[in-house]
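Work through the exercises below with the sequence and the structure open. Try each task before reading its solution.

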Amino acid sequence: MLLIACPWCGERDEVEFHYGGQAHVAYPSDPEALSDAEWAQYLFVRDNPKGPFAERWSHAAGCRRWFNVVRHTVTHEILAVHPAGRPKPVIA
Amino acid sequence: MTVDGLRRSPLGDLPETLGHGVRLREIPFLTQLNLRLAPGGGAAARVAEVLGAALPTEPNTVTDSGDLRLLWLGPDEWLIVGPDGAAPDTEGRIRTALPGEHACLVDVSANRTTLELSGPGARTVLEKGCALDLHPRAFTPGRCAQTLVSKVNVVLDQLDAEPRYRLLVRGSFARYLADWLLDAMSDTALIG
Amino acid sequence: MTQPHRLADGGRLDRSTPVRFTFDGTEYTGYPGDTLASALLANGVIEVAPSLYRRRPRGIATAGVDEPHALVQVAEPMLAATTVELHDGLSATSLPGLGRLDQASDEAVHDKMYGHADVVVIGGGPAGLAAALAAARSGARTVLVDDQPELGGALLSGHEEIGGRPALEWVEAVRAELSDTAEVRILTRSTAIGYHDQNYLLIAERRTGHLGPQPLPAAGRGRLWHVRARQVVLATGAHEHPMVFAGNDRPGVMSAAAVRSYLNRYAVLPGRRAVVLTTNDHAYGTALDLAAAGVEVAALVDTRPQPPVALAEAARRAGIEVLAGSAVVGTSGDTRIASARIAELAPDDTLRGPVRELGCDLLAVSGGWSPAVHLWSQSRGSLRFDEALAAFVPAQAAQQVRAVGAARGTYDLAGCLREGSAAGAEAATLAGFEAAAPPVPPSVGDPRPALPRPVWLVPAEEGEPATWRDHFVDSQRDATVADVHRAIRAGMRSIEHIKRYTTIGTAHDQGKAAGPTAIGVISRLLGASSPAEVGTTTFRGPYTPVSFALLAGRERGGLFDPVRTTSIHPWHAEHGAVFENVGQWKRPRYYPRPGEDMDAAVLRECRAARGAVAAMDVSTLGKIDVIGADAGAFLDRVYTNGFAGLAVGSARYGIMCRPDGMVFDDGVTVRLADDHYYLTTTTGNAAAVLDWLEEWLQTEWPELRVHCTSVTEQWATVAVVGPESRAVLADLAPDLDVSKEAFPFMTARQATLSNGIPARICRISFSGELAYEINVPSWYGLAVWEAVLAAGEGHGITPYGTETMHVLRAEKGYPIVGQDTDGTVTPQDLGMEWIVAKHKQFIGKRSFRRADTARADRRRLVGLLPLDRAELLPEGAQLIADETALTGPPVRMIGHVTSSYRSAALGRTFALALVERGRDRIGEKVYAPLPDGRLVAATVTEPVLLDPKGARRDG
């Protein structure tokens, strides 16, 4: 059971959150301008690193805010948490 | 019969129940208004003026204003809880503060009912199904939280240090939550 | 004489009240404070059930959770007799490695408790007590967890002194201080079974189980604690492991530490004439205590050629012969051990010199010690092999945790106290408290040990490892050196492979004792220079077995999962509705009259809706207020069709897609004001749609001025359906002009009902009939339902359930998201090209141009009419194009049935199906091969089977 620090509500158990996949994958501003391959890239292709991974979570059972987390996919250590819309922090 | 007499609360048949150091009852029909607006803006200031108290900006805290409790639900969201029947007046007063701004006020008084759990064993009862740290060092009167009790979403509001808690729960889940609380209250070793 | 092996005094027993128990049908007595195992030994019973596979005689071998042999059934199966507390009336049966599930329902109360702590200390021995004391004095919220009925750990089994007094007086003083300290919780009889991410600990507490059967409902039998700790101190001690030699599984071969525990803690003589075999200092205490208790110690066999002088001297003074540089190479006896064969070991562990045989009924063995690193490893801390200690010890921590005392290979009492004290203070400090390590009292006994000489594999007197089938590596699994040899000969090198091939470490005890031994044996057979090269297997929770009843807690029966009901539910229940589960909701499926089955009830309800008037509780639909200046623009982006242009007071049906173009949800939205839309979702998707809208608003379009508020439960909704619904509504809302002109299809009106209740009434239809949905604050739901039924009484108004709703909508070809769609279906696949806007952007639009989405041969929604008008196709049935296609595999499927019903209106059965190129097959036949072997033919039709022009709905 991960302990995730919601930027607003503080530390809560993982069951209060919904997972939202990789962070910083913006919806293309003009989907019609994309080739099929580019659109498929947006739809279906995500990173799967062994190590720090920037991902989105929503505090679904709490304040319902979306935010970003940098989680180590091997140790599950949460390295950073920041509200949606802020740039990805640099993790050494 | 007035139209109010036609109302039924989800737990209308739940008698006030005593356990070992703990008490449970339903408080039906509380006024509940869901308010969305930008914190720190003009509307927020005007709302504070008409309600006589500022909307709390510290997450998961409550401010009192007369018989209203203003609960923080999100960075731009509050639940204003008041006595039965206060909705039209309160809504009217708040609406006068909103024009010209991106704001939203919805009467959700019928969306949830309220369970009051109190007594020295109340915290232990909650701790059987709530992962939140409710120790007085972490959760005190004046704090609220949206969280899970058993598997049910609730707005938890601590009123005093007895402790007395309110659990605001959506009507469809109220029976299950009450059953769960009554079961948890049947433990003979809640205090001591 | 009762309890012939009980010492006259001593032990942690209450001798004032003997208790009676039975084992395999024979009655014995023991004392409170005994375990079942110690009481059996006191009565001279050492032998338990034979082994599972080879039926070898076996005996009690340990005094704790690492017991491999003494498994019993009490009520619960597969308990270790060494962990079962004795109580009056206990009745136990020995088990040969397999228990029997009790078929009766376990009504005992188990529950769950969440806890939060600054410092959790696991283990109540000297190191753990010192740590808890240091943490507690700082004011930190401290939890001390110990699996025994009383604190003290190894001190319960020895006679050390702390601060100039017997160590157990110090234990009692610490316990008293901790009990009196606010914010300290002592959990005894509690086993930490799991160590998860971010210091999340699972602790199984035995609350009343040790007292025997309890009258119900008393305080619960067991409790599963979920504790989140800021800091953890692991003082979990160490396990002594056995040695691998011929006949090492014989009854009477016992852990040397367990022998000492039985002597001192339980006042039991496990034997009368003993041989002690050891690789290390610890068993000297056992030998000396045995001698002091009057047991004849025939020899102390030490693998080390030069045992520590002081210890050897002490043994000799006690009249014990020390055989240095030697090992036991074999045992004999009828069942229980009668003699041990002893030989000298060369430096390379081969045997040399003559073999000596000594008579004995007890062989106390210390094959070495391994820190109990199970929880450490579960926390993902790394291990390293300490060559001097000959054991895997904690290395790098992965969480906020430290190991102290024997759990990290510190075996002397002074060291344990010092490390515990320092760790407790450190943990409290890191948790934010001002803490100092209390001064460590001086202690006597358990000095710092000299180095061991591990002997992982004592050779047989003859033969090669391939034939050593009496050298047990994991006695519970009957796995031997020969089995390990076979695994290696088969090509396995990894410990993980060898474990699975031989099953070593997979039995009830999960190899607690056998694990380190197995690693040693494997390293020897592989020719490795050290067990370090072999490594360990993965340590997984739970540390000890727990019952499913404990894991289930109170989440069983009616509390298994939330049951959601609408405000009208009491009426449904009172009127005999048969309910179905829709997600967590209980919804009326149909309302049978006496003598009716479902088919009959549904046909009647359908006839009422199509012929007169019927009513349904549709309160479960998801409802969201979408409010703000940009609400229309926002809905334009999330629905495939347009909403910004919808007139105030009007309603529109919409479909939402995911970015991949697949249907996600559908529903009707009403525009209540310029900046206010009232959006409805499917019952099952209410929360998901709200999350979806918030996700786009918060993460992609924060500039839009829109707020979404869930009002699902603010409103109760009653659908009034059928040609006579207008008349019913006119009666119900006398002030509302319900005429076709004043209140047309797809509009909404605000009205006050005749009973004074304010209502929002929408003229919308999910049945194809003239229909209205009446929305009222949910506390009025029951009153309005009853008012609707009263107003409709003269029209024969009929309540109907979800089954009739499904038939009515399917006759009209209306799909249900999640039944007729499955996440691979586009609006076009549903034949709803008309709802996909050409001249605006919305989520998913781009995907309709993808090659796969634009394929001509996609599966399309069609109707199916079985040729046999009474044949009801099963939902989920696969479809084939050609009746000859079944001759041999592969059979090409061209689609499947998604919905199938009997229709009162059509006087026959019908179905909806997704069929490849379905729109091109209209008029053709398809075939459904059924599990009973029949091939059912059906004609493909348009999905709309009733009133295709919508005259009934618009009337």
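**Exercise 1. Describe chain A.**

Step 1. Count the elements: chain A has 1 helix and 6 strands. Helices (H or I, at least four residues) and strands (E, at least two) are DSSP runs, numbered from the N terminus.

Step 2. Take the extent of the C-alpha trace of chain A along its principal axes: about 40 × 30 × 20 Å.

A note on the source: this is a predicted model, in which local features need pLDDT of at least 70 and side-chain atom pairs count only at pLDDT 80 or more, while totals for chains, interfaces and linings use all residues. Residues are numbered from 1 along each chain as its sequence is written, chains are lettered from A and ligands numbered from 1 in the order in which they are written, and side-chain values use heavy atoms, with hydrogens and water left out.

**Exercise 2. Describe the interface of chain C and chain A.**

Step 1. Find the residues in contact, where contact means heavy atoms within 4.5 Å. Here 29 residues of chain C are in contact with 28 residues of chain A.

Step 2. Find the buried area, that is, the accessible area (1.4 Å probe) that two parts lose on being put together, summed over both. For chain C and chain A this is about 2500 Å², with 43% on carbon and sulfur atoms. On the chain C side, Gln198(C), Gln698(C) and Arg846(C) lose the most area, together 25% of what that side buries.

Step 3. Look for salt bridges (a side-chain nitrogen of Lys or Arg within 4 Å of a carboxyl oxygen of Asp or Glu). The rule finds 6 of them across the interface of chain C and chain A. One of the pairs is Arg846(C) with Asp36(A), at 2.7 Å from N to O.

Step 4. Count the polar contacts. A polar contact is a pair of N or O atoms within 3.5 Å; within protein, one must be able to donate a hydrogen and the other to accept it, and residues adjacent in sequence count only if both atoms are side-chain atoms. Between chain C and chain A there are 20 residue pairs in polar contact (both at pLDDT 80 or more).

Step 5. Assign the chain C side to its elements. Strand 15 (222–234) and helix 16 (686–699) of chain C each supply at least two residues. Helix 16 of chain C gives the most, with 7 residues.

Step 6. Sort that side by class, with Ala, Val, Leu, Ile, Met, Phe, Trp, Tyr, Cys and Pro as nonpolar, Asp, Glu, Lys and Arg as charged, and the others, Gly among them, as polar. The side of chain C that touches chain A has 9 nonpolar, 7 polar and 13 charged residues.

**Exercise 3. Explain why the salt bridge of Arg230(C) and Glu11(A) joins two chains.**

Step 1. The side chains of Arg230(C) and Glu11(A) meet at 3.7 Å, N to O.

Step 2. Arg230(C) lies in strand 15 of chain C and Glu11(A) in strand 2 (residues 10–13) of chain A, so the pair joins two chains.

**Exercise 4. Describe the interface of chain B and chain C.**

Step 1. In this interface, 42 residues of chain B are in contact with 50 residues of chain C.

Step 2. The buried area is about 3900 Å², and carbon and sulfur atoms give 55% of it. His102(B), Ser172(B) and Tyr176(B) supply 16% of the area that chain B buries against chain C, more than any other three residues.

Step 3. The rule finds 9 salt bridges across the interface of chain B and chain C. Among them, Arg554(C) pairs with Asp183(B) at 2.8 Å, N to O.

Step 4. There are 25 residue pairs in polar contact between chain B and chain C (both at pLDDT 80 or more).

Step 5. Helix 4 of chain B gives the largest share of the side of chain B that touches chain C, 7 residues. By class, that side of chain B has 17 nonpolar, 10 polar and 15 charged residues.

**Exercise 5. Locate two cis peptide bonds.**

Step 1. The bond between Glu162(B) and Pro163(B) is cis, with omega about 5 degrees. Pro163(B) is in the loop between strand 10 (152–160) and strand 11 (164–170) of chain B.

Step 2. The bond from Gly541(C) to Pro542(C) is also cis, with omega near -5 degrees. Pro542(C) is in the loop between helix 11 (514–526) and helix 12 (548–552) of chain C.
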